[in-house]
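Visitor: Please show me the structure. Then I will ask about the words used for it.

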Amino acid sequence: MYLLIKPLGSVVFKWGGYNSILLGGAINSGYFEPLPMPSTIYGLLKYAYIVTKLGNEAPKFKGPLFYAKRKEKQAICVHTYPLGLKGNIEGEEKDIKVEEKDFERRIGIAINRETKMTKEGYIYMEKMLDLYKLSKRILNENGETFKEEPEKYGILIETDDENAKKLDGLVAPFGGESRPAKISVEEISFRKIGKKLLASPA
């Protein structure tokens, strides 16, 4: 069974970094990748199982993979460090580099949790990945004149736990900043893609 995790907006997959106070405030910096670490997936699944009363632990899973699909075309990608994906698009292997244009930068402020007021002089910048834009670019890698929109995209995992079917349609916090993501149960055929690119460090 496959679960597709679709962030409802741009998302942060931070693999490391630091905070420092510079000039106007705290600047958030670090290493950002196109796929989350397995621990991030585990945290999402554990939260989902607890809130749906399916158990206190996350199920075993394989992944994550990056998945994108449009009419008559789908792509499945594994992570390559740094900032890369190795994709299988309808049987054709491609190396995909995540580019700066796939990210958006957002500026935020620090909040005092006790007073609910902003902390004066504190500001942070977050680098967030737009998976929709990345999916659209991957699915149109051959330079199609008409750029088709992706029908489905997100982070794909596989699990044998039948209880996971009950997560279909659930929205849960995911990734850095706990951005909302929707979980869906998917039936995915690898007939055209083949089995050459189904490896994962997880």
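Guide: Here are some terms, each set against its definition. This is a predicted model, where local features need pLDDT of at least 70, side-chain atom pairs count only at pLDDT 80 or more, and totals for chains, interfaces and linings use all residues. Residues are numbered from 1 along each chain as its sequence is written, and side-chain values use heavy atoms, with hydrogens and water left out.

Visitor: Why is the meeting of K86 and D95 called a salt bridge?

Guide: A salt bridge needs a side-chain nitrogen of Lys or Arg within 4 Å of a carboxyl oxygen of Asp or Glu. K86 and D95 meet at 2.6 Å, N to O, so the pair counts as a salt bridge.

Visitor: What makes D95 exposed or buried?

Guide: Buried means under 20% relative accessible area, exposed over 50%, and partly exposed in between (1.4 Å probe, protein chains only). D95 has 59% relative accessibility, so it counts as exposed. K86, at 27%, is partly exposed.

Visitor: How do you know whether E186 is buried or exposed?

Guide: E186 has 12% relative accessibility, so it counts as buried. Its salt-bridge partner is K152, at 2.6 Å, N to O. K152 is partly exposed, at 34%.

Visitor: What makes β1 and β12 paired strands?

Guide: Strands are DSSP runs of E, at least two residues, numbered from the N terminus; helices are runs of H or I, at least four residues. Two strands pair if DSSP finds at least two bridges between them. Six bridges join β1 (residues 2-7) to β12 (residues 179-186), so the two are paired, and they run antiparallel. K6 has K182 in β12 as its bridge partner.
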